[in-house]
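I opened my notebook to look up how this chain is put together. My entries follow the order in which I checked things.

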Amino acid sequence: MKKYFFPLLICIVFSSATSFAQLADTKWQGTFYIPSENECYLHFKKDTLNLVFAESGDIIEAMKYTVSGDTLTLSKLYGGSPCEETAALYKFKVNADKLKLSIVSDNCSARASAGLDGDLTKVIEATIKKED
């Protein structure tokens, strides 16, 4: 049993690092409901995530995120939602230039109804405005 533990541990760590790398330094655009329908994008940085209006580049909300396997945990840092200190869990799947998020649990109704649980398309840097 011991001889299998270390290789299994390496696989788990590598899998988590690969999942995190799929999101870090990427931008994904889609339709969000804040509170009405708007084209926005999610900008994943090293460990933070900005929800940004695509047209103006204004940051709507900033969140801290962590990745564990195929699960994304979000916690508000600042912004317009009432999601103070309420963490959310989403499953994610990246397939080529598409990102699919699915709610596991989110007790903040404003975030849960904003449309994060949809299909997003990877953004090419030259097609978006600079964030303010």
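**Entry 1: terms and ground rules**

I take helices (H or I, at least four residues) and strands (E, at least two) as DSSP runs, numbered from the N terminus. The model is predicted, so I note that local features need pLDDT of at least 70, side-chain atom pairs count only at pLDDT 80 or more, and totals for chains, interfaces and linings use all residues. Residues are numbered from 1 along each chain as its sequence is written, and side-chain values use heavy atoms, with hydrogens and water left out.

**Entry 2: the pocket**

Next I looked for open space. On a 1 Å grid over the protein atoms alone, a pocket is an open set of points with protein on both sides within 12 Å along at least five of seven lines. Lining residues have an atom within 4 Å of a point. A volume is the space filled by probe spheres set on the points, and grid points are joined across faces, edges and corners.

I found about 230 Å³ of space in the largest pocket. Its lining has 14 residues, and Ile 34, Leu 51, Ser 81, Ala 110 and Ala 114 are the closest to its centre. Which elements each supply at least two residues of that lining? I noted β4 (59–68) and α2 (109–112). The largest share comes from β4, with 3 residues.

**Entry 3: the order of elements**

I listed the elements next. The chain has 2 helices and 8 strands. From the N terminus on, they run α-β-β-β-β-β-β-β-α-β.

**Entry 4: the barrel**

How do the 8 strands close? I traced a barrel in the order β1-β2-β3-β4-β5-β6-β7-β8, with antiparallel pairing. From one strand to the next, the twist averages 35 degrees. Here axes are lines fitted to C-alpha atoms, and angles run from 0 to 180 degrees between N-to-C directions. Two strands pair if DSSP finds at least two bridges between them. I reminded myself that strands of a sheet pair through backbone hydrogen bonds, either parallel or antiparallel.

I went through the pairs one by one. Strand β1 (residues 26–33) pairs with strand β2 (residues 37–44) in the antiparallel sense over 8 bridges. Trp 28 has Leu 42 in β2 as its bridge partner. Leu 42 also stands opposite Leu 51 in β3.

β2 and strand β3 (residues 48–53) are antiparallel too, over 5 bridges. They form a hairpin with 3 residues between them. I then followed β3 into β4: 5 bridges join these antiparallel strands. Val 52 has Ile 59 in β4 as its bridge partner. The hairpin of β3 and β4 has 5 residues between the strands, and there Gly 57 takes a positive phi near 85 degrees.

**Entry 5: pairs from β5 to β7**

Strand β5 (residues 71–79) and strand β6 (residues 88–95) run antiparallel, joined by 4 bridges. Leu 72 stands opposite Tyr 90 in β6. β6 also pairs with strand β7 (residues 98–106), in the antiparallel sense over 8 bridges. There, I found Asn 95 with Lys 98 in β7 as its bridge partner. The hairpin of β6 and β7 has 2 residues between the strands, and Ala 96 takes a positive phi near 60 degrees.

Is Tyr 41 buried or exposed? I set the cut-offs first: buried means under 20% relative accessible area, exposed over 50%, and partly exposed in between (1.4 Å probe, protein chains only). Tyr 41 is found in strand β2. It counts as buried because its relative accessibility is 0%. Its C-alpha atom is separated by 6.1 Å from that of Ala 54, 13 residues apart along the chain.

Thr 26 lies in strand β1. At 7% relative accessibility, Thr 26 also counts as buried. Contact means heavy atoms within 4.5 Å. Leaving aside neighbours within four places in sequence, Thr 26 is in contact with Leu 42, His 43, Phe 44 and Lys 122.

I found Ala 110 in helix α2. Ala 110 is partly exposed, with a relative accessible area of 30%. The C-alpha atoms of Ala 110 and Pro 35 are separated by 8.4 Å, and these residues are 75 apart along the chain.

**Entry 6: the whole chain**

I closed with totals. Buried residues make up 36% of the 132 residues in the chain. Among contacts between residues at least 6 apart in sequence, 35% join residues at least 24 apart.

Note on methods:
1 Å grid on protein atoms, 1.4 Å probe; cavity = no way out; pocket = protein on both sides within 12 Å on 5 of 7 lines; lining within 4 Å.
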